[in-house]
Amino acid sequence: QHTRATKRRRERMNEALDYRITGMTYREIAKEMHVNVKTAYSYVQDALKDITRENAEEVLTLELQRYDDMLSIVY
């Protein structure tokens, strides 16, 4: 369950990450997004953590499915 504020933060995080991917500095991102440099940095770092977490969850799901498949063969 995501509140409006959480959804808005995710949008801001993704926006900041997109800017960073294009090569903008944190200072430039902050200026573009009308936030301070610390906030821009936080947005980018949190977006990267979310990407890592999502990928890890996908891998875990895949590995568990493979394990279940192997167990069903044994039984």
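**Notebook: salt bridges**

I started with glutamate 15, which forms a salt bridge with arginine 12, the closest N and O atoms being 3.7 Å apart. That sits inside the 4 Å cut-off, so I kept the pair on my list. This is a predicted model, as I noted beside the entry.

Next I looked up where the two residues lie. Glutamate 15 and arginine 12 are 3 residues apart in helix 1, so about one helical turn separates them. I then checked burial: arginine 12 counts as buried because its relative accessibility is 14%, while glutamate 15, at 27%, counts as partly exposed.

How many salt bridges does the count come to? I got 5, and I followed up two others among them.

I turned to arginine 9, which forms a salt bridge with aspartate 46; their closest N and O atoms are 2.3 Å apart. This pair links distant parts of the chain, with arginine 9 in helix 1 (residues 4-21) and aspartate 46 in helix 3 (residues 37-74), 37 residues apart. I found arginine 9 at 33% relative accessibility, so I wrote it down as partly exposed.

My last stop was arginine 10, which pairs with aspartate 50 in a salt bridge whose closest N and O atoms are 2.6 Å apart. Here, too, distant parts of the chain are linked: aspartate 50 belongs to helix 3 and arginine 10 to helix 1, 40 residues apart.

Is aspartate 50 buried or exposed? I have it as buried, because its relative accessibility is 12%. Arginine 10, on the other hand, has 32% and counts as partly exposed.

Note on methods: Residues numbered from 1 in each chain as written. Predicted model: local features only at pLDDT ≥ 70, side-chain atom pairs only at ≥ 80, totals over all residues. Heavy atoms only, no water. Salt bridge = Lys/Arg side-chain N within 4 Å of Asp/Glu carboxyl O. Helix = DSSP H or I, 4+ residues; strand = E, 2+ residues; numbered from the N terminus. Buried < 20%, exposed > 50% of the residue type's maximum accessible area, 1.4 Å probe, protein only.
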